[in-house]
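The sequence and the model are shown first.

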Amino acid sequence: LAPRIGQHFSEAGNGQKATEYLLKAGDSARKLYAYQEAIDAYEQALTFLREQRDYSEAGRILMQLGLLYLSIFDFDQSRLAYQEGFTLWQRAIEAQSET
């Protein structure tokens, strides 16, 4: 049900709740080796995490995406996910040191 609930909150404009359920959907799909479904859920969640400027969590999800892309032998997408993840983690560190 998590993907449907995540989509519902997404359509309702509640990014925080949508993110929560989309991440649960991605985690569940990943555990069932449904890699494309996991990728889709994580990508949707990333949209909201970027909007919320939650760089630390977005970086973590991008690392998971990098692993998923490796699992399906999409090396270019994996590299891009890792690069963006490291960039966002750097932003999170910089934002934390400014406060």
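Why does Tyr35 count as partly exposed? The model is predicted, and in it Tyr35 has a relative accessibility of 22%. Buried means under 20% and exposed means over 50%, with partly exposed in between, so Tyr35 at 22% counts as partly exposed.

## Aromatic pairs

The structure holds 3 aromatic pairs. One of them joins Tyr33 and Tyr35 in an edge-to-face arrangement, with 6.1 Å from centre to centre and 85° between the planes.

## Charges over rings

Lys24 places its charged end over the ring of Tyr21, at 5.0 Å from the ring centre. Arg91 lies over the face of Tyr55, and the distance to the ring centre is 5.5 Å.

Helix 5 runs over residues 75–98. Its 24 residues span 35 Å from the first C-alpha to the last, which is close to the 34 Å expected at 1.5 Å a residue.

Ser78, Ala81, Gly85 and Leu88 are buried in helix 5. The buried residues of this helix pack against helix 4, residues 55–71. Ser78 counts as buried because its relative accessibility is 2%, and the cut-off for buried is under 20%. Not counting residues up to four places away in sequence, Ser78 touches Gly66, Tyr69 and Leu70.

## The largest nonpolar core

How many residues does the largest nonpolar core have? It has 20 residues, and those with the most contacts inside it are Tyr42, Leu46, Ile61, Leu62, Leu65 and Leu68. The elements that give two or more residues to this core are helix 2 (15–31), helix 3 (35–51), helix 4 and helix 5.

Leu46 gives a local view of this core. Leaving aside neighbours within four places in sequence, Leu46 is in contact with Ala58, Ile61, Leu62 and Leu65. Of these contacts, Ile61, Leu62 and Leu65 are, like Leu46, among the core residues with the most contacts.

Note on methods:
Residues numbered from 1 in each chain as written. Predicted model: local features only at pLDDT ≥ 70, side-chain atom pairs only at ≥ 80, totals over all residues. Heavy atoms only, no water. Helix = DSSP H or I, 4+ residues; strand = E, 2+ residues; numbered from the N terminus. Buried < 20%, exposed > 50% of the residue type's maximum accessible area, 1.4 Å probe, protein only. Contact = heavy atoms within 4.5 Å. Phe/Tyr/Trp six-rings, centres within 6.5 Å; stacked < 30°, edge-to-face > 60°. Lys NZ or Arg CZ within 6 Å of the ring centre and 35° of its normal. Expected span 1.5 Å × (residues − 1). Core = buried A, V, L, I, M, F, W, Y, C linked by side-chain atoms within 4.5 Å.
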